[in-house]
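Dear colleague,

Please find below the structure that I am passing on to you, together with its sequence. My notes on what was found in it follow.

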Amino acid sequence: MSLFNQVGKYFLLLFRVFSKPEKMKIYYRETIKEFEKLGLNSIGIIAIISVFMGAVITIQTAYNTENPMLPTYLIGLAARDSILLEFSSTIVALILAGKIGSNIASEIGTMRVTEQIDALEIMGVNSASYLILPKIIATVLFSPFLCLMSMIVGIFGGWVAGVSTGVTTTQDYIYGIQYAFIPYYIVYALIKMAIFAFLITSISAYHGYYSYGGSLEVGKSSTKAVVRSSIFILLFNVILTQLLLS
Amino acid sequence: MIEVKKVSKSFNDIQVLKDINVLFEKGKTNLIIGQSGSGKTVLLKSIIGLYDADYGDIIFDGIVFNKLEFNEKKEMRKQIGMLFQGGALFDSSTVEENVMYPLDMFTKMSSSEKRDRANECLKRVNIINANKLYPSEISGGMQKRVAIARAIALNPKYLFCDEPNSGLDPQTAILIDDLIKELTIEYNMTTIVNTHDMNSVMEIGDKVMFIYKGEKWWEGTKDEIFDTENAELNNFIFASKLSQKIRDLKNK
């Protein structure tokens with residue numbers, strides 16, 4: 001019963017989020033702020049993680065393919081496909097769930113327990129839409145750029161690690177990342193990333209919006225937001241892979 | 001004028017408000033007093049529609065507010081100003097932006113007009129040279145005054161204050177009380193203040209309603225309150241040694 005109750009509350013909240021905004025100009029201004037807060041401020045961590053992710057994938061692939069029967073460009077090819085198909089969308093989404101998911105849940109949760117959301121409602125503002133819609137728009141539009149950046153930086157990290165450790169050469173690596181390239185893999189990853197961004201933002205906002213009590217409850221909401229966003233990312237990863245690649 | 005008719009409210013089978021009937025008059029400071037947990041805040045939040053009353057009507061100048069459609073309620077709320085217990089200022093906005101927020105959202109004023117109105121409201125509550133500060137950078141008393149400035153920005157017809165003096169020193173509390181009283185007269189608003197501060201009762205209580213265990217237990221003026229023989233109200237009013245001494249002196 002509790003599950004149905006929560007699912008119902010989630011969809012009712014989404015219904016309020018996507019209702020007509022009071023004043024487009026203010027929503028536009030808020031969306032720009034969220035682009036900076038949730039998008040631009042995530043570039044650093046995504047870049048760092050992607051470099052190391054690409055490096056590890058390249059080195060691990062090299063040690064697992066130490067066979068003279070296998071072509072030398074395989075390291076670049078495997079690194080490219082792993083990064084494009086899975087790491088730059090799913091792993092980056094899981095990291096974003098931790099970073100922006102907890103941020104959204106704690107921000108909205110604190111606004112709830114300090115009666116700032118009540119203040120908005122009293123003024124006649126649709127608080128759900130005002131607080132959540134700009135975040136959803138900003139993350140859904142910006143996350144594919146993060147994904148794209150992660151792909152580029154990850155492949156670059158793989159090249160640096162591969163060449164500096166001597167497991168591959170520049171020529172083999174570049175040949176590998178170009179070999180049998182399927183552009184649709186990028187589209188697939190970007191679609192996945194946009195859907196994951198929607199899940200992260202809406203689930204985290206839901207947990208923040210329905211926080212009650214004090215700081216302890218806000219902390220719990222923040223944890224629930226990250227855990228549930230991560231679970232739904234993994235669940236939708238399976239569904240989307242089946243739908244988009246089969 | 002706000003009329004509360006036979007309002008009841010329960011949470012998980014626990015009845016918090018029982019058949020409340022009361023009339024809050026225009027141009028007066030109407031006080032709801034009672035112990036913590038007596039149902040004051042639930043009554044206030046039911047009146048403004050943050051909680052839906054289980055039974056009864058809440059009538060704002062002839063309009064049954066709790067029976068309005070969602071969008072009609074939204075329109076009506078533009079006439080309501082509210083001062084929350086903790087101020088409820090938006091943390092990420094400056095003092096000026098907080099006061100300008102309702103103007104931004106609901107008026108077609110130009111930026112300079114909005115800024116002028118915000119400054120006018122801030123000046124009215126004696127907040128000067130703090131426009132660019134954030135709520136975390138000002139004192140609790142100043143936060144309350146900024147919240148009052150935000151509440152009056154749209155010239156509301158109704159003002160609600162939930163424990164406006166909580167967490168304030170006695171001098172600042174008197175300043176806030178005086179401000180609420182002055183603004184009520186100046187804007188000819190129907191003001192409802194939730195409090196358990198007896199100083200507020202004596203300072204600004206044009207009309208006082210005592211709520212006890214979710215029921216309306218007593219109603220009168222601040223002058224009548226000391227002469228009442230209502231046992232529960234007397235226990236509430238004379239709980240402190242200071243108020244007992246005042247009573248003894250008065251009786252002598």
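Which residues in α4(A) meet which residues in α9(A)? Please bear in mind throughout that this is a predicted model.

On the side of α4(A), the residues are Thr90(A), Ala93(A), Leu94(A), Ala97(A), Gly98(A), Gly101(A), Ser102(A), Ala105(A), Ser106(A), Gly109(A), Thr110(A) and Val113(A). They meet Glu217(A), Val218(A), Ser221(A), Ser222(A), Ala225(A), Val226(A), Ser229(A), Ser230(A), Ile233(A) and Asn237(A) in α9(A). Sorted by class, this contact of α4(A) with α9(A) comprises nine nonpolar, 12 polar and one charged residues.

The geometry of this pair can be stated briefly. Two packed helices are described by the angle between their axes and the distance between the axes. Helix α4 of chain A spans residues 74-113 and helix α9 of chain A spans residues 215-245; they pack at an angle of about 150°, and their axes are 8 Å apart. The crossing of α4(A) and α9(A) is right-handed.

Turning to the contact between the chains, chain B contributes 15 residues and chain A contributes 13 residues. On the side of chain B that touches chain A, α2 (70-77), β6 (80-83) and α3 (95-106) of chain B each supply at least two residues. By class, that side of chain B has nine nonpolar, one polar and five charged residues.

The largest nonpolar core has 123 residues, of which Ile200(A), Met82(B), Val99(B), Ala149(B) and Phe160(B) touch the most other members. The element that gives the most to this core is α4(A), with 16 residues. In chain B, domain 1 (2-79 + 158-251) and domain 2 (86-155) both give residues to the core, so it lies between them. Leaving aside residues up to four places away in sequence, Phe160(B) touches Leu44(B), Ile48(B), Ile80(B), Met82(B) and Ile192(B).

Most residues other than glycine have a negative phi. Asn126(B), however, has a positive phi of about 60°, and Asn188(B) has a positive phi near 50°. Asn126(B) lies in the loop between α4 (111-124) and α5 (140-152) of chain B, whereas Asn188(B) is in the loop between α6 (170-186) and β8 (190-195) of chain B. Are these residues buried or exposed? Asn126(B) is exposed, with 11 other C-beta atoms within 10 Å; Asn188(B) is also exposed, with 11 other C-beta atoms within 10 Å.

With kind regards

Notes. Residues are numbered from 1 along each chain as its sequence is written. Chains are lettered from A and ligands numbered from 1 in the order in which they are written. This is a predicted model: local features need pLDDT of at least 70, side-chain atom pairs count only at pLDDT 80 or more; totals for chains, interfaces and linings use all residues. Axes are lines fitted to C-alpha atoms, for helices over the stretch in contact, and angles run from 0 to 180 degrees between N-to-C directions. Helices (H or I, at least four residues) and strands (E, at least two) are DSSP runs, numbered from the N terminus. A crossing is left-handed if the near helix is turned anticlockwise from the far one by less than a right angle, and right-handed if clockwise. Two residues are in contact if their C-beta atoms, placed from the backbone, lie within 7 Å. Ala, Val, Leu, Ile, Met, Phe, Trp, Tyr, Cys and Pro count as nonpolar, Asp, Glu, Lys and Arg as charged, and the others, Gly among them, as polar. A residue is buried if 20 or more other C-beta atoms lie within 10 Å of its own, exposed if 12 or fewer, and partly exposed in between; C-beta atoms are placed from the backbone. A nonpolar core is a set of buried Ala, Val, Leu, Ile, Met, Phe, Trp, Tyr and Cys residues joined through C-beta atoms within 7 Å. Domain bounds come from an automatic or database domain assignment.
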